[in-house]
There are 2 protein chains.
Amino acid sequence: MKDKTSLEPTGAHAFLFPMPTVLVGTEVEGKANYMTAAWCTPACAAPPMIAVAVNHIRHTALGIDENKAFSINVPSVRQVIETDYCGIASGAKVDKTKMFTSFYGTFKAPMARECPINIECSLHSSVDLGSHELYIGQVESVFVDKACSTEFGPDPVRIEPIIYLKSKYYHMGHFLADAFSEGKKHAEK
Amino acid sequence: MKDKTSLEPTGAHAFLFPMPTVLVGTEVEGKANYMTAAWCTPACAAPPMIAVAVNHIRHTALGIDENKAFSINVPSVRQVIETDYCGIASGAKVDKTKMFTSFYGTFKAPMARECPINIECSLHSSVDLGSHELYIGQVESVFVDKACSTEFGPDPVRIEPIIYLKSKYYHMGHFLADAFSEGKKHAEK
């Protein structure tokens, strides 16, 4: 097909557009640690689960293996400097306990108070895929900043989440269409 | 904490901000089928893998189980009507073979030519999590529209991917910061 270019699968992770930007919270050897991640997705509705891929060499992997728990924190564009720093500096070399104000739920998984959304997960299972371990966590509790909520729940406009794509961060853009609605125009064609 | 609201974990999947919008391509009983999905993430770098969560009741689950393969297609905002339609109409009731121009790689997993990015996956493994099966696919080939590429590879501005959040689609927004760079400002503080 002359309209398509075939690319090497080795870079395939850079082709899933777009990705979220989250902070994975763990406790490693008694210290709160936060790692920036973009490879994260809801994995199940009932029971609610989230999956996140972590490179085996990461300090974060030690924390999840040790405590069978982790948190997923959704930062705002307002925390982009701290968020990116957590992807540059390893907890093995730098003390990240002061990066955020940590709070805890039931499990040994620190949550970052400064992030608008905090999701506490207990480890359900994990799959060793090669360079990365895919950790699947059951959602145990969810916290949202009151200042980022409306009567309809967490508000994207007030949260201002960070989008990740090819080593760059982006803002969310404007409204495009309603899901489970826009497609009806196809049936009407 | 008076600044946080505790929410029921049952709705936890609506709190991972933001999510991508993709089309999962499968062949079910000899027919090409496409399902809209937002619960999708890279899962491993070496070898390259992608994970996608599919509800067991979905027609798409039949296709992956049957052929041990699926494709992930990244639509543009230009395909938002067709994309949303694939999340409304089930392949069990509606023939979706004409939704897109299907092409194939090595596996029985149709790819949608109209979508700027197409990723062919062979099934590596899957995990039954409850309502959803988390399918993990090894990336076998990647195709990108030449019109959506630059010398640096796939171009987010030309692709115009669709962001999904709480039953609404959004555009990508403007550039925020460079990853693995912006965080250095924290160390300089």
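Mentor: A residue is buried if 20 or more other C-beta atoms lie within 10 Å of its own, exposed if 12 or fewer, and partly exposed in between, with C-beta atoms placed from the backbone. Helices (H or I, at least four residues) and strands (E, at least two) are DSSP runs numbered from the N terminus. The model is predicted: local features need pLDDT of at least 70, side-chain atom pairs count only at pLDDT 80 or more, and totals for chains, interfaces and linings use all residues. Residues are numbered from 1 along each chain as its sequence is written, and chains are lettered from A and ligands numbered from 1 in the order in which they are written.

Trainee: How many residues of strand β5 of chain B are buried?

Mentor: Strand β5 of chain B covers residues 40-44 and is mostly covered. β5(B) forms a hairpin with β6(B), with four residues between them. The count of buried residues in β5(B) is five of five.

Trainee: Which residue is the bridge partner of B:C44 in β6(B)?

Mentor: Two strands pair if DSSP finds at least two bridges between them. β5(B) and strand β6 (residues 49-55) of chain B run antiparallel and are joined by four bridges. The partner of B:C44 in β6(B) is B:M49.

Trainee: Which strand gives the most to the side of chain B that touches chain A?

Mentor: The contact takes 88 residues from chain B and 89 residues from chain A. By class, the chain B side has 58 nonpolar, 18 polar and 12 charged residues; Ala, Val, Leu, Ile, Met, Phe, Trp, Tyr, Cys and Pro count as nonpolar, Asp, Glu, Lys and Arg as charged, and the others, Gly among them, as polar. With 11 residues, the top contributor is strand β15 (residues 168-178) of chain B.

Trainee: Which strands stand at the edges of the open sheet?

Mentor: Six strands form the sheet in the order β2(A)-β14(A)-β15(A)-β15(B)-β14(B)-β2(B), with antiparallel pairing. The strands at the edges each have a single partner strand, so one side of each is left without a neighbour in the sheet: β2 (19-20) of chain A and β2 (19-20) of chain B.

Trainee: Which residue stands opposite B:Y164 in β15(B)?

Mentor: Strand β14 (residues 163-165) of chain B runs antiparallel to β15(B), and three bridges join them. Opposite B:Y164 stands B:Y169.

Trainee: Which residue of β1(B) is the bridge partner of A:F143?

Mentor: Strand β11 (residues 132-145) of chain A pairs with strand β1 (residues 4-7) of chain B in the antiparallel sense, over four bridges. In β1(B), the partner of A:F143 is B:S6.

Trainee: Is A:T5 buried, partly exposed or exposed?

Mentor: A:T5 is found in strand β1 (residues 4-7) of chain A. Leaving aside neighbours within four places in sequence, A:T5 is in contact with B:F143, B:V144, B:K146 and B:S149. With 15 other C-beta atoms within 10 Å, A:T5 is partly exposed.

Trainee: Which elements do the buried residues of α2(A) pack against?

Mentor: In helix α2 (residues 80-88) of chain A, the buried residues are A:V80, A:E82, A:T83, A:D84, A:Y85 and A:C86. They pack against elements of both chains: β3 (22-28), β4 (31-37) and β15 (168-178) of chain A, together with β15 and α4 (184-188) of chain B.

Trainee: Which residues have the most contacts inside the largest nonpolar core?

Mentor: A nonpolar core is a set of buried Ala, Val, Leu, Ile, Met, Phe, Trp, Tyr and Cys residues joined through C-beta atoms within 7 Å. The contacts of A:V52, leaving aside neighbours within four places in sequence, are A:V24, A:A37, A:W39, A:C40, A:I72 and A:Y135. In the largest core, of 120 residues, those with the most contacts are A:I50, A:V52, B:I50 and B:V52.

Note on methods: Two residues are in contact if their C-beta atoms, placed from the backbone, lie within 7 Å.
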